[in-house]
Amino acid sequence: MKQSIELEQPFVFTVISGKGGVGKSMTSVNTATMLSKLGYKVALLDADLGLANCATLLNEPVSATVSTWIEGKCGIEDLLYYTSGITLVTGANEPGENKFKPDLFMDALDQVTLYLKQDHDFVIIDTPAGAGEMSLWALDISQVGILVLVDEPTAISDVYRLCKYVFNIDPEYHFASIVNYAESEETAQSTYQRFNTILNYFLNKQTQYFGFIPASDLVRQSVQRQKPLLQMEGPNSILKEFEFIAENVLAYAKNREKTLLKTVH
Ligand SMILES: Nc1ncnc2c1ncn2[C@@H]1O[C@H](COP(=O)(O)OP(=O)(O)O)[C@@H](O)[C@H]1O
Ligand SMILES: [Mg+2]
C-alpha cells in the first residue's frame with residue numbers, strides 16, 4: 001500500500017496513563033495495527049515487565065522475551081514476533097521473570113528499541129500502570145507520550161500527577177491525549193478540555209488532542225476474541241476513530257521531523 005506521508009526517521013511514542021485498566025494496551029494494539037494498515041512498518045514493544053498482555057490481545061504465544069534475551073537464552077532477532085501485520089516484542093511474561101535490576105532492563109530495552117528503529121517507521125511502547133521506572137524510561141526514549149484519559153476523578157488525577165512529575169524533570173516534554181470509554185465525541189472533547197484546563201492552570205502546559213475511543217461492546221468483544229478491531233467481522237464504527245488517531249500520530253511525527261530539521265540547519 002502506498003504510504004500517505006513519507007517519514008524520514010522512525011518515530012517512537014509511548015502509550016501511558018498512570019492508572020491500570022484504562023485501555024493502554026487496547027489502544028496500543030489498535031493504533032499499531034491501524035498504522036500498519038495505512039502502509040507503515042510498525043513495531044509494538046510491550047514494556048509491561050511482568051504482566052505483559054499485548055501478546056494475549058493479539059493471540060500470539062510469546063516465549064522469547066527481553067528478559068530471556070538478557071539471560072542469553074535467545075538472540076535479539078528471536079524477540080520479534082510477526083503478527084497481525086506488526087512486529088511484537090515482549091518485555092517479560094511473568095512477574096518472576098522480572099528479576100533484573102531496572103538499569104539492566106532499561107539498557108536492554110534501549111538496545112531493542114534501536115534495533116527496531118532500523119527496520120520500522122514506528123515503535124510504539126505500551127507501558128505498565130504507575131509512574132515507575134519503566135514508564136519513565138519509555139517516555140524518555142519517545143518523541144511523544146500519548147496519555148489515555150478516562151473521565152473518572154482517580155484516572156484524571158493520576159494522569160495529572162504523572163505529567164507534573166515529568167514536567168519537573170523535563171519542562172519541554174510533549175504529551176498528547178486520547179480519551180477512552182467516551183460516551184460520545186462531545187463528552188470526549190469535554191473530558192480532554194477539562195484535563196487541559198487543569199494542566200494549563202496549575203502547570204501552564206497543554207496536550208494535543210489525538211482522538212477518542214467510545215465505550216463499546218465491540219472493543220470488549222475484540223479483547224475477548226483476542227483480535228485487533230481491524231480483524232473483527234461486521235460493521236465497525238470504531239475503526240474510524242482509530243484512523244483519526246493514527247492520522248494524528250502521523251501528522252505529529254511529520255511535524256516533529258520538520259521542526260527537528262529546522263533546528264539542525
Ligand atoms: N473503549 C472500551 N470499551 C469497552 N471496553 C474497554 C474499552 N477500553 C478498554 N476496555 C476494557 O478494559 C480492559 C482493560 O484494557 P487494557 O487495554 O488492558 O488496559 P490497560 O492496558 O490500561 O491496563 C480491556 O480488557 C477491555 O475489556
Ligand atoms: Mg496494559
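Let me start with one residue. Gln226 is partly exposed, because 14 other C-beta atoms lie within 10 Å. The cut-offs: buried means 20 or more other C-beta atoms within 10 Å of a residue's own, exposed means 12 or fewer, partly exposed is in between, and C-beta atoms are placed from the backbone.

Now the ground rules. This is a predicted model, where local features need pLDDT of at least 70 and side-chain atom pairs count only at pLDDT 80 or more, while totals for chains, interfaces and linings use all residues. Residues are numbered from 1 along each chain as its sequence is written, chains are lettered from A, and ligands are numbered from 1 in the order written.

Back to Gln226. Its phi is near 55°, positive in a residue other than glycine. Gln226 sits in the loop between H8 and helix H9 (239-264). Helices here are DSSP runs of H or I with at least four residues, strands are E runs of at least two, and both are numbered from the N terminus.

Asn59 is the next case. It is not a glycine, yet its phi is positive, about 55°. Its loop lies between helix H2 (54-57) and helix H3 (66-70). Asn59 counts as partly exposed because it has 13 C-beta neighbours inside 10 Å.

On to the sheet. Eight strands form an open sheet with mixed pairing, in the order E3-E4-E2-E5-E1-E6-E7-E8. Strand E3 (81-83) and strand E8 (208-214) are the edges; each has a single partner strand, so one side of each lacks a neighbour in the sheet. From one strand to the next, the twist averages 25°. Two strands count as paired if DSSP finds at least two bridges between them.

Which strand has 8 of its 8 residues buried? Strand E2, residues 42-49. Val42, Leu44, Asp46 and Asp48 point one way; Ala43, Leu45, Ala47 and Leu49 point the other; all are buried.

E2 pairs in parallel with strand E5 (residues 122-126) over 5 bridges. There, Asp46 has Asp126 as its bridge partner. E2 runs parallel to strand E4 (residues 86-92) as well, joined by 5 bridges. Ala43 faces Thr87 in that strand. Strand E1 (residues 11-16) pairs with E5 in the parallel sense, over 5 bridges. Phe13 is opposite Ile124 of E5.

Helix pairs next. Axes are lines fitted to C-alpha atoms, for helices over the stretch in contact, with angles from 0 to 180 degrees between N-to-C directions. Under 35 degrees is roughly parallel, over 145 roughly antiparallel, 65 to 115 roughly perpendicular, and the rest oblique.

Helix H6 (residues 153-169) and helix H7 (residues 185-203) pack at about 40°, axes 11 Å apart. H6 and H7 are therefore oblique. Helix H4 (residues 102-117) and helix H5 (residues 133-141) cross at roughly 30°, their axes coming within 11 Å. H4 and H5 are therefore roughly parallel.
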